[in-house]
Amino acid sequence: MLRHVSRSHVNVIVIVAALLGLLGGIYIYSGYNVPSLSFCTERNESPEPVVQYITNTVVSDNGSWKITELMMQKGVKYEQPSTQKGRTDVNSVTNWNAPLVWEGTFDPVVIDAIYKKMNPRIAVVVFAVGKYTRFLKGFLESGEKYFLVDFRVTYYVFTDHEDEVPKIALGKGRKISVVAVPSAGRWQDVVLGRMKWATLTIDKQIRNEADYLFMMDIDSVFHNRFGAESLSRLSAVLHRGYYKNTVRDGFPYERRPQSQAYIPAGEGDYYYTAAVWGGYLEDMYKLVRYCYEQSEMDAKNKIEAVWQEESHLNKYLLYNKPTKVLSPEYLWSDYDQQPADIKVIRVSQLVKNYAEVRPNGGH
């Protein structure tokens, strides 16, 4: 009896081994990885939610440009840096150890030598809707003179009047791409619409054409160098009206808890403008999409943040610190006198009649 049982066991083992060998051969031939053939998979009690983006595509690291080693070619002549001399009238570093950029805190010769070697593709997104097309010529012509000169730049002009985009002389490696968008009945809708249309266009087009992106207001003119010292993973600009002695509870943050942009009293670092901001393409996509989605949530709750996307931008940057903060040199205003600590005005917003240029009379 024992001998009969042992022979049966042997036969069963042989048959099972043959079946496993056959299955193994099929799986190897098919090219599957071992985990995909597992009959017992571990159950995930808390699966990650699938994020549905506006175009139903998932953001991935596409291996695009990043700031890497700070290398420069041999033989570049520049002033020796000092540990004893520099700006003493302003702070040049944040309390999270990010650079705070002012004139006199960098050497443009060194900066350009390093970043031109990296050769990023830079996108500039501007909206010229309605009567704001009148500002295109001044923005583009001054940009060609001062904005990241000798870098590869594409100006993405979002407009409802494509025929009013001027033809200007562009430097080597620079171009204009026109994106058609609908008109708006309120200037607030133009502002909020920027986030929607920028999100869609980054996803469909710009992602394949750029490594770095700036969002800028079209009613501005460049007056001096705006260079590679502005580049970082996420760069924000201090608002000229609140950069000196304003206490954090005096910042014009959204203070209504009903809004997604709400920042409670007692919190805050700086107040940033939404007229100039930039960063790596994917980081900017994430931030632009965030502002759009938060605005949409507010709209469903029948509320609009006090300063539209600027309020959502400040909420995001409070909890996701920028890697570089640019001084108000990078966005001043023709309405204001130039103070002693602003040694150079790089970009300035133009004086204009809001009641005349805005679709709802500026209200």
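Let me start with Arg233, which is partly exposed at a relative accessible area of 46%, where partly exposed covers the range between buried, under 20% relative accessible area, and exposed, over 50%, with a 1.4 Å probe and protein chains only. Please keep in mind that this is a predicted model, in which local features need pLDDT of at least 70 and side-chain atom pairs count only at pLDDT 80 or more, while totals for chains, interfaces and linings use all residues. Residues are numbered from 1 along each chain as its sequence is written, and side-chain values use heavy atoms, with hydrogens and water left out.

Arg233 forms a salt bridge with Asp283, and the closest N and O atoms are 2.8 Å apart; by salt bridge I mean a side-chain nitrogen of Lys or Arg within 4 Å of a carboxyl oxygen of Asp or Glu. Because Asp283 lies in helix α5 (residues 281–300) and Arg233 in the loop between β6 and β7 (234–238), the pair ties together parts that are 50 residues apart in sequence. Helices here are DSSP runs of H or I with at least four residues, strands are runs of E with at least two, and both are numbered from the N terminus. Asp283 itself is buried, with a relative accessible area of 18%.

How many salt bridges does a search of the whole structure find? The search gives 20. One of them joins Glu309 to Arg194, with 2.4 Å between the closest N and O atoms, and since Glu309 lies in helix α6 and Arg194 in helix α4 (residues 187–204), this pair ties together parts 115 residues apart in sequence. Glu309 is buried at a relative accessible area of 4%, and Arg194 is buried as well, at 6%.

Asp219 and Lys352 also meet through their side chains in a salt bridge, at 2.8 Å from N to O. This pair links distant parts of the chain, 133 residues apart, with Asp219 in the loop between β5 (212–216) and β6 (220–222) and Lys352 in the loop between β11 and α7 (354–357). Asp219 is buried at 7% relative accessible area, and Lys352 counts as buried at 11%.

Turning to the backbone, Gln308 has a positive phi of about 50° although it is not a glycine; Gln308 belongs to helix α6 (residues 308–319) and is buried, with a relative accessible area of 5%. Asn119 likewise has a positive phi, near 55°, in a residue other than glycine, but its place is the loop between α2 (108–118) and β2 (121–128), and at 36% relative accessibility Asn119 counts as partly exposed.

Finally, the second largest pocket holds about 450 Å³ of space. A pocket is found on a 1 Å grid over the protein atoms alone, as an open set of points where a 1.4 Å probe fits, with protein on both sides within 12 Å along at least five of seven lines, and lining residues have an atom within 4 Å of a point. Which residues lie nearest the centre of this second largest pocket? They are Pro81, Ser82, Lys85, Gly104 and Phe106, out of 14 lining residues. The lining divides into four nonpolar, six polar and four charged residues, with Ala, Val, Leu, Ile, Met, Phe, Trp, Tyr, Cys and Pro counted as nonpolar, Asp, Glu, Lys and Arg as charged, and the others, Gly among them, as polar.

Definitions and conventions. Points joined across faces, edges and corners; volume = space filled by probe spheres on them.
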